[in-house]
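This report covers a ligand site, a strand pairing and a nonpolar core, in that order.

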Amino acid sequence: MNKNSKLHLIEGARCKSCGLCVAACPKETLGIGSELNQQGYAFVVQVAPEKCVKCNICRIVCPDVAIGVIEANQ
Ligand code: SF4
Ligand code: SF4
């Protein structure tokens, strides 16, 4: 990841693996990971953070408030 990449705060423990954020992201930067959280759900991870345009759609659609969007290079 370069210093201009956008970072997401994905709180894996809250994720229910619904996939809404993955489907909603216009840049296909999110994906369901292979690790399970304490609830037994495979939580979302960033697969291409450098493509993120920080539109906040993923944060808005997540019903479990598991995502935040921040700048990485501040
Ligand atoms: S902020 Fe926008 S571009 Fe970045 S991961 Fe979320 S939906 Fe995708
Ligand atoms: S919308 Fe929220 S709960 Fe659903 S997969 Fe994405 S981060 Fe997980």
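**Ligand shell**

The shell around ligand 1 consists of ten nonpolar, two polar and two charged residues. Here Ala, Val, Leu, Ile, Met, Phe, Trp, Tyr, Cys and Pro count as nonpolar, Asp, Glu, Lys and Arg as charged, and the others, Gly among them, as polar. Of the 14 residues around the ligand, the nearest are Cys25, Cys52, Cys55, Ile57 and Cys58; a residue is near if its C-beta atom, placed from the backbone, lies within 6 Å of the molecule.

**Basis of the model**

The model is predicted: local features need pLDDT of at least 70 and side-chain atom pairs pLDDT 80 or more, while totals for chains, interfaces and linings use all residues. Residues are numbered from 1 along each chain as its sequence is written, and chains are lettered from A and ligands numbered from 1 in the order in which they are written.

**Fold and hairpin**

The protein chain has two helices and four strands, in the order β-α-β-β-α-β from the N terminus. These are DSSP runs, numbered from the N terminus (helices H or I, at least four residues; strands E, at least two).

Strand 2 (residues 30-36) and strand 3 (residues 42-46) are antiparallel and joined by four bridges; pairing requires at least two DSSP bridges. Ile32 has Val44 as its bridge partner in strand 3. Five residues separate the two strands of this hairpin, and Gly40 in the turn has a positive phi of about 90°.

**Core**

The largest nonpolar core has eleven residues, including Ile10, Leu30, Phe43 and Val44. Such a core is a set of buried Ala, Val, Leu, Ile, Met, Phe, Trp, Tyr and Cys residues joined through C-beta atoms within 7 Å. Buried means 20 or more other C-beta atoms within 10 Å of the residue's own, with C-beta atoms placed from the backbone.

Conventions: Buried ≥ 20, exposed ≤ 12 C-beta atoms within 10 Å, placed from the backbone.
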